[in-house]
Amino acid sequence: MSTVVKKTINFKINGKDVSAPEGTVILEVANRQGFEVSNLCYNKKLKPFAACRTCMVETVTDGKKELVYSCTQPVAEGMEVKINTDETNRYNKACLEMLLVEHPLDCPICDKSGVCPLQDNTDTLQLYNGRFDIHRRNEPSIKSNPIIEFYLNRCIMCGLCVRACDETQGVQALDFHKRGMSVGIGTANDEPLDCEFCGQCITVCPTGALMDMTSGARGLAAMFTSTLTTCNYCSWGCTIDLQSKKGKVLRIEADEGYGVGINEGNLCAKGRFGYGIIHNEDRIISPLMNHGGEFKEVSWDEAIKTIAERLQSTVNRSGPGSIAGIGSEKMTNEESYLFQKLFRGHFGSNQITNLANLRAPYVNRFMLDCFKGGIQSKPVTELEHADVVLIFNSDLPSEYPVGGNSVRKGAVFTGTDIIIANPRDVVFKNEAQTDIRLTFTHGADLAVINRLTRIIIDNNLVDIKKAKTDIAHYDEWVKSLKPYTANESEKLTGLSDEILTRTAERFAREADRFIIIGNDILDTGQGEDILKALLNLSLLVHCGGEGSVSIYPPREHCNSQGVNDMGVTPDFLPGYQPVQNPSAENLADDLFGNCVNGKLKLLYIAGEDPVNSYYKASQVQEALQNVPFLVVQDVFMTETAQMADIILPTSTFAEKDGSQTNMTRHVQRIKSATLPQGVSKPDFDIFCEIADALGKPFEHDTVEEVQQEIENNVPIYKGLLPGTDSRQWPADSFAEKPEFQICPAFTESREKNGYPYRLQTNNSMFHIGSYTQHAKALVDVGPECFAEIHPEDAEALSVQEGDRIIVESANSKIEVPVKTSYVTTRGMVYIPQNWVDVPVNLLRNGEEGLVPIKISKAG
Ligand code: SF4
């Protein structure tokens, strides 16, 4: 357990004094200390396996000499380790020699060439002339799935892919096949690979037996330019390696280097195979101006001049309150900073927001309340050392897949207890198994949290006296928990008090606790109260118990955190500093409503597609039809862009520099790997050019200078940019006296006659937002929207997997194929929201809470 401090072991490697925590294997220490030990099957994030037998070292402990495999042998006090002795070299060399008997010498067309441990080890051991006859395998390559090619002639049976698939991903799609000389790896019954397509197997494969076949680019790693940057999709913020050749990004690799980013080389399908958006022929190729419903290409000069003039004339005529902007959760920090500066600095308008903040401004308040109460949350790199992780209403493998990898690693190496609380019986497989499953009634989130809290208080599981003294509003708050009796809670949640008590006891015990909150809570209509309840629970154990609490609030896109940090919200200036002279009414709080009622005369949308992605679909359409002037800048022609007066083509993340901030406040670098495609420009350049055209250029107009300006003006970012180190911004300056927040008692959710099911939406495993629909590889593995229902509901409805159904709410209806799964509980319908041709948001259409729906078979 991480709360137990591990003993430090002192020993020697080749005469050098070294030390390491108890339990560390020799090879790990040798690697860190720069000693070269041959090995092919070790990976620091997997359990030791000793398959390749090439890492033999000599140890002497208490005068006793032994030959041991350094990948499995833990260090011992006073041990002397000898690396590369004649004896160990002879042994390691013989093992490697046998592997080379079968291995093809096709290095020029192998993806691992140049970064291949088999090549490295051959050189390390100076094995240039083998003694055995060569017997190459000659099996055809297997391409039975759209993404991963199996070329087993190169397989050295290190088992890394099988172990990564099992231990890191929890999927077990790969295994060893056959025995003896015919042994190999493959899928069950040699079926086509059907998995999460995370590609971890490609990363860990040392020899190119498993390859990314989406890019078609093959061969020598040295031929590629490598650019470390940050993934552009979800808010976990993984470091990715963009590999380019002749100015074109051809594939994405993971970097497993020590200390690079927060993801230890783990990626998901989106991060690894989503690069298809970069060199994509669907991109907007020119600035476009709408002439009576027809878009005509215009020059950048004309587009920028028109926007600047229209902004200025609108403000001159109707005042700064007549313009508003929606920033993007995908723009860099520097771009977001300039966007808000353009509105605030040039026009005195505070009417800027982002879509997540528009729907759920309480998420920022929740984060600040956590800091206020002293819960600053540990860096995400500590997650794998957690004692307890509570995954609340998040389908982790779909929502934050690499977060799932860290939690699994904790379960394997630290013994982390995993508690999953979700109305869906989400799949989260791991070797240690999930400790507690709270599959509760859809919409009963508040009751679950408040009952857990009450159990902790009633059973004195923490120091209640201390909590009462330290945290304001204690008595009032405890009174508000009164309705959450065992009986009432069981009725509301469908969970026994026994399992809730077990959960409360586990959570209250001395521990390093982490809470990961999913975006599903936003659909409940009680998101704000759910967050308050989670905060109360956390404050109680934080102040009254021992150990720590870290909370990661729900954030969706790659820079959903940074866009708020940079002040693209009407509530805060950059760094959550108070807005000076806030106007009585900020029209950005009801931005689309104020376009409909004519108060807003100009709307500037940078990199978002609210027509598709916002939960008030009809209101957005009406707003965009009514607002007199609409500017949209984006990479692809979205439905929102199609309604614009002017469209500006922007560059993707791979064509720009700057930084973004992940959901756990890690500021990380964005680095360009290719030039802006076509005539597209980074959003940064566009904002600078608009400022120039207004006759008031920004004082700073390079990314580096703006980073300096941010560091000067935003205290929490001081010393963090350009973000190459992936450091978490500090929250201690927000600390005040903690206080409990009173939530209203649980109210029964509405039933609607004739609408017996309830809708749940989120992103699918292979898609997020609108961009991934343009990445071919992701479309290949996630081609179609679906409505997931419980098999018993399907039976009751007389529908089968693949049948088309009509899903209808009081607001709208959509047609979609059925998928049956025990993940979705009875009465619930889960539909991912990533397909333009299935406008799920129309079913909600602004309605808060769990939308009642009905289902019928399509005719
Ligand atoms: Fe990108 Fe998120 Fe996947 Fe990491 S988990 S690779 S950040 S989409």
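In the predicted model, helix α10, which runs over residues 362-372, is mostly covered, eight of its eleven residues being buried. The buried positions of α10 are Y362, V363, N364, F366, M367, L368, C370 and F371. These buried residues pack against helices α9 (355-359), α18 (527-544) and α19 (560-565), and also against strands β20 (511-517), β21 (547-552) and β22 (572-573). In an α-helix there are 3.6 residues a turn, so residues three or four places apart point the same way. After α10 comes G374, a residue with a positive phi near 90 degrees.

The protein chain as a whole contains 27 helices and 35 strands. Its radius of gyration is 28 Å, close to the 29 Å that the globule rule gives for 859 residues, so the protein chain is as compact as a globular protein of that length. Along the principal axes, the C-alpha trace spans about 85 × 70 × 60 Å. Of the 859 residues, 61% count as buried, and the accessible surface of the chain comes to about 32700 Å², with 48% of that area belonging to carbon and sulfur atoms. When contacts between residues at least 6 apart in sequence are considered, 73% of them join residues at least 24 apart. The chain carries 84 positive and 114 negative side chains, and the centres of these two sets lie 2 Å apart.

The largest nonpolar core comprises 68 residues, among which I148, I185, F197, W236, V407 and I516 touch the most other members. For V407, once neighbours within four places in sequence are left aside, the contacts are with L383, V389, I391, L396, I418, F428 and I516.

N14, in the loop between β1 (8-13) and β2 (16-21), has a positive phi of about 45 degrees although it is not a glycine. The residue is partly exposed, its relative accessible area being 40%. D190, likewise not a glycine, has a positive phi of about 55 degrees, and is found in the loop between β8 (184-186) and α5 (200-204). With a relative accessibility of 59%, D190 counts as exposed, because the cut-off for that class is over 50%.

Pairs of residues separated in sequence were also considered. V25 lies in the loop between β2 and α1 (26-32) and has a relative accessible area of 10%, so it is classed as buried, the limit being under 20%. Although V25 and C71 are 46 residues apart in sequence, their C-alpha atoms are 5.9 Å apart in space. Not counting residues up to four places away in sequence, V25 touches Y42, P48, S70, C71, T72, Q73, P74 and V75. E294, by contrast with the buried V25, is exposed, with a relative accessible area of 51%, and lies in strand β14, which covers residues 294-297. The C-alpha atoms of E294 and D645 are separated by 9.9 Å, the two residues being 351 residues apart along the chain.

Note on methods
Residues numbered from 1 in each chain as written. Predicted model: local features only at pLDDT ≥ 70, side-chain atom pairs only at ≥ 80, totals over all residues. Heavy atoms only, no water. Helix = DSSP H or I, 4+ residues; strand = E, 2+ residues; numbered from the N terminus. Rg over C-alpha atoms; globule rule 2.2 N^0.38 Å. Buried < 20%, exposed > 50% of the residue type's maximum accessible area, 1.4 Å probe, protein only. Contact = heavy atoms within 4.5 Å. Areas by Shrake-Rupley, 256 points an atom, 1.4 Å probe, with all protein chains shown as cover. Lys, Arg positive; Asp, Glu negative; His and termini not counted. Charge placed at Lys NZ, Arg CZ, Asp CG, Glu CD. Core = buried A, V, L, I, M, F, W, Y, C linked by side-chain atoms within 4.5 Å.
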